[in-house]
2 protein chains.
Amino acid sequence: MLDTLIWKDATEAQRRRALARPVETGTADAAAREIVDAVRARGDEAVRAYAARLDGHAPDDFRVLAEALREARKGMDPADIEAVKAAADAVRRFHVRQGYSGYSVETWPGVMASRRATPVDVAALYVPAGSAPLVSTLIMLAVPAQLAGVPRIVVVAPPAGEGGVNPALLATAEILGIDEVYAIGGAQAIAALATGAAGLPRADKIFGPGNAYVAAAKSYVAGLPGGPAIDLPAGPSEVMVIADDRADAELVASDLLSQAEHDPSAQVVLVCFDSATRDRVIAATEAQLAQLPRAEIARAALASSCTVICDTLEEAAEVANVYAPEHLILQADAAERLVGLVRHAGSIFVGAFTPEAAGDYAAGPNHTLPTSGAARAYGGVTVEAFQKTTTILRATAEGAAAMAPAVERLAALEGLEAHATAMRLRRERAGAQPGVAAAGGPRAGTKRRKTAETDVTVTVNLDRDGPSRIATGVGYFDHMLEQVARHGGIALDVAVEGDLHIDAHHTIEDVCLTFGEALREALRDKRGLARFGFELPMDETRAAVWIDLSGRPFAKFEGEIPGETVGEFPVEMTAHAFRSIAESLGAAIHVKVEGENAHHMVEACFKAFGRALRKAVRVEGDALPSTKGMLA
Amino acid sequence: MLDTLIWKDATEAQRRRALARPVETGTADAAAREIVDAVRARGDEAVRAYAARLDGHAPDDFRVLAEALREARKGMDPADIEAVKAAADAVRRFHVRQGYSGYSVETWPGVMASRRATPVDVAALYVPAGSAPLVSTLIMLAVPAQLAGVPRIVVVAPPAGEGGVNPALLATAEILGIDEVYAIGGAQAIAALATGAAGLPRADKIFGPGNAYVAAAKSYVAGLPGGPAIDLPAGPSEVMVIADDRADAELVASDLLSQAEHDPSAQVVLVCFDSATRDRVIAATEAQLAQLPRAEIARAALASSCTVICDTLEEAAEVANVYAPEHLILQADAAERLVGLVRHAGSIFVGAFTPEAAGDYAAGPNHTLPTSGAARAYGGVTVEAFQKTTTILRATAEGAAAMAPAVERLAALEGLEAHATAMRLRRERAGAQPGVAAAGGPRAGTKRRKTAETDVTVTVNLDRDGPSRIATGVGYFDHMLEQVARHGGIALDVAVEGDLHIDAHHTIEDVCLTFGEALREALRDKRGLARFGFELPMDETRAAVWIDLSGRPFAKFEGEIPGETVGEFPVEMTAHAFRSIAESLGAAIHVKVEGENAHHMVEACFKAFGRALRKAVRVEGDALPSTKGMLA
């Protein structure tokens, strides 16, 4: 159980092998294709034939009667009803904050570009009910579908019992207000949904887990021309637990087992920092296995699982990033540092009191998550997954004229003459010449400043905490702007072509001026509201910055920074940078710095500026540290 | 050219046939699979063999030299450089507002659930350069990738010329700050990216259009276990133009042709309301065709395209919804009504001055859009497409104890004993019993109110302008709550099980009380800030509502509504509804209504309440009509 790999001693190939997922055989793939193709060719008759053969259930109408739903609910233990409602409530509380944002931006003067989110018309939720009725899966899929406003939510589940479908599932559907349930499972259910056969509606998107046949059928129909979308590529469920030597072995074992009991092909990876921890966890796992009804399944899963022993937190994070686990459990004193180091995981469970089981059922976040390393590119199911966006463009005559030169030029470059003509005809009818690009939305701004010396583009988003892309050509200055972005809690994009063959002066000055302008654009409704200051120590240095977004430019710099340059950054540009920002932003900026080390002193000024800015742009105080503005 | 279908006279089969997309032959599919499978089996050698055979270009290193990028830029016409920059600026202005929101919600007391968005590590952008170098495609893919913060952006393009790749593409890459470009195209490029072969990195997600082989390869690798994600299913480009009898035929024709010139398989659908309009458009199309360099291609595309003649706007919208076009151009006086009626379209272009060509190049929205009806379930490429979300869960001992009863109950219901054990062990260590669910985030709230008479759950999201799901069992009351949601610009979910067999009283009262509570929860940082009023006429009726979010309940109702009920809604409940809301929200609500018709008077009160609420919850004034709060 849990073969061990010492990460730093292992070769690349050994690492890959240890973390490899089981490869599917392809049998299910061929069978699923055959079923889907039969349904595409023969429709209802093929659906019924496969349903009869594979499920022994092929009624005239697969739909579960309303009466059966009501009966199932009446028959459910009231305590179970409460548990279902409590879980649905928590899932609703978490998901209600999701959904694509709609907004409008004037991208050119006279050109209004908008984004609108709408739900899919028909969402199908596949709920397995083989070894167990997955009540929790129905909750996890139905709640975000309802929050997205999907007008038609359809549930399919393998046939069982008198009502057509497992009564716990029917009762849950009834509690959630879903009345369209079909008693059909397997690849034939997916085929019927993809084509709209045998009384099932044609689904726009199919959600939910299932066995290998269901997964293969979903993947196949999603690739067909005009086929439905699907939520996620499927694979066996998996967990990675990172445990340090202070972790409670009994808790770690319980988490490994709650993964292993799912399926013999479930994946379990234990990452720890010494063999003693591994041994304690294995002993605890053996002890709990003895009590477990599904011990056989769990043992099979554990047989193909492994332990990785790391030297450092960074190594452990690397293992997680390479593996990109569906579930990542952190039982380590440095759990919060690991949260920051891990880039790829479906869901992260932090600390001893946060078992994966809580997330599987009732904590709030979705339990339908990317497996098999898909977390590198996919997240779990969200409200957004039930929506799609449409962009809407509205141009006036002035707007058409403004865009025309760029459009006609690019159309010619691509050799698409009719495109150029379509634009030219509008320009001629507008009878106007292009103007200057207009401002973006209220909480984000882009400004370009072009002179004989530099060409600077700065984009600021006050409502996104990074990531930033900064490339001024002056390394230390990039570092300073990164401080402003990070400590300001904003996203900053800076691209410059500057006359650096002369010196850094123009580049720094013009970036600061453009940054101020972009910030002013982003802030425009907030100006005049905020006066904020921040003071911070940095080794021997202490710097303080106060900002008044008054609309009037004023800059004051107190302090003497020794030396001439830090990297390529001229020290004298520190005061000048804040003066430039104050000027173009229209703000009073006071900077005061004491210290000895120039590197520290310059950096402390920019950091304190970022912190003061963070407060200033989040005017509602700590209880609401960020606001995201949007036009209707 | 443009065979005509009269929508209302056509059978279902005729409609389907007229709007059917061309079916791919499957040849490309088999060839693409063969190439991908060869590269999976034989790696670098297979990539080079196919590149040599298909492109005649198989160097040791496919990567384009930095020198070639710089040279290409130096060689570009300065006016083209400006056009590229202007287009990128507009695309940046539009996309900067996108990106998944991160947030935290306390889903249970002691359970903090968060969502975090991170970029993919490696994004590959496939840029075709067959008949034309698609400079615009590079802009449309690179800018959102950069805004998402993707650390490694890789461009692949078919080989051409001395530098390895078409110089206009190289120059554009250089302008955009992208330095990793590979001169390789076709299915072999996709195979190399999917596996990380021949010096190309393994891509986490592959974006961009391409020929049938590229599309087939993308679709195939996306379905492989552990395969990369892709942006969108591919199909020929398409446009639908809805034109009324006042549309400018020359402009309509130019739009049809700028689609038709793309590709012989491009799809063009004209929807109009009479045959005279069709005839005018066809004549103008013929006239412009005579001047068009790519007339042959356009003629081929038009040969398989069609005109649909509709009687009403609703019919035209239905045609659009059935077809779900990639591009939808509205040249009709009632264009804005159509925008509201159309649910499925990649991008909508409104009015005479908004050609598709503008959106293809420089208007701001993305031009990489869903084709072949995929707009029913997919939107175009967004910043979100370059990100994925991770959920993060942190529970305290109290939190574990709070969730435990629901989790253990549901685990037992599903027969997963180890899950129940993992939760039970935490509950025992916490030594506590469950509490009551805590409040959600600052701008959204969910409350459940359960008495012997009713069980009401209300969810309010102040930052989402619908959709709402309201089902109280009292039709007219649903209608009133929909007014509040729509005019309030909020999303409202109301689910009730009430004692309607007695009457509507308890249901209405308890829904109002719960609504007030949920609203109070959603508003909590804003209380005390806002005093707003709104007055509106509705035929003979005039209603006014003033709200003071003071924290103190007070209700005043002036007016006499005639009669006893509207539908099942007792008229006397109007005043009572606002009193209940005032009580649980903690607000002063004054309502004044004059009129004659009870239906109008009740409805006007709720509408005015919605409008006043819209102002009250958007405290920053009209310039920033919506704020979205989030915890870090």
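Strand β10 (residues 267-272) of chain A and strand β11 (residues 306-309) of chain A run parallel and are joined by 4 bridges. Within this pair, A:Cys272 stands opposite A:Ile309 in β11(A). Strands here are DSSP runs (E, at least two residues), as helices are (H or I, at least four), each numbered from the N terminus, and two strands pair if DSSP finds at least two bridges between them. The model is predicted: local features need pLDDT of at least 70 and side-chain atom pairs count only at pLDDT 80 or more, whereas totals for chains, interfaces and linings use all residues. Residues are numbered from 1 along each chain as its sequence is written, while chains are lettered from A and ligands numbered from 1 in the order in which they are written.

The pair belongs to an open sheet of 9 strands with mixed pairing, in the order β1(A)-β11(A)-β10(A)-β9(A)-β12(A)-β13(A)-β14(B)-β3(B)-β2(B). Its edges are β1 (3-6) of chain A and β2 (103-108) of chain B, each of which pairs on one side only. On average, neighbouring strands of this sheet are turned by 20° against each other, direction ignored. The sheet passes from one chain to the other where strand β13 (residues 347-350) of chain A meets strand β14 (residues 387-395) of chain B. These two strands pair in the parallel sense over 4 bridges, and A:Ser347 has B:Thr391 in β14(B) as its bridge partner.

The relation between the chains can be described next. In general, two copies of a chain are related by a rotation about an axis and a shift along it. Here a rotation of 180° with 0.0 Å of shift along its axis superposes chain A on chain B, with an RMSD of 0.2 Å. The two copies are therefore related as by a two-fold rotation axis. The superposition is by least squares on the C-alpha atoms of residues with pLDDT of at least 70 in both copies.

The contact between the chains takes 149 residues from chain A and 148 residues from chain B, where two residues are in contact if their C-beta atoms, placed from the backbone, lie within 7 Å. On the side of chain A that touches chain B, helix α16 (residues 397-413) of chain A provides the largest share, 11 residues. That side divides into 73 nonpolar, 46 polar and 30 charged residues; Ala, Val, Leu, Ile, Met, Phe, Trp, Tyr, Cys and Pro count as nonpolar, Asp, Glu, Lys and Arg as charged, and the others, Gly among them, as polar. Because 98% of the interface residues of chain A are also interface residues in chain B, the copies meet through the same surface.

One residue illustrates the contact from the side of chain B. B:Ala406 lies in helix α16 (residues 397-413) of chain B. Leaving aside its neighbours within four places in sequence, B:Ala406 is in contact with A:Ala83, A:Ala86, A:Ala87, A:Tyr361 and A:Ala362. B:Ala406 counts as buried because it has 28 C-beta neighbours inside 10 Å; the cut-off for buried is 20 or more other C-beta atoms within 10 Å, with 12 or fewer for exposed and partly exposed in between.

Chain A as a whole has 21 helices and 25 strands. Of its 632 residues, 63% count as buried. Its C-alpha atoms fill a box of roughly 80 × 75 × 50 Å, taken along the principal axes.

Technical notes
Axes fitted to C-alpha atoms, helices over the stretch in contact; angles between N-to-C directions.
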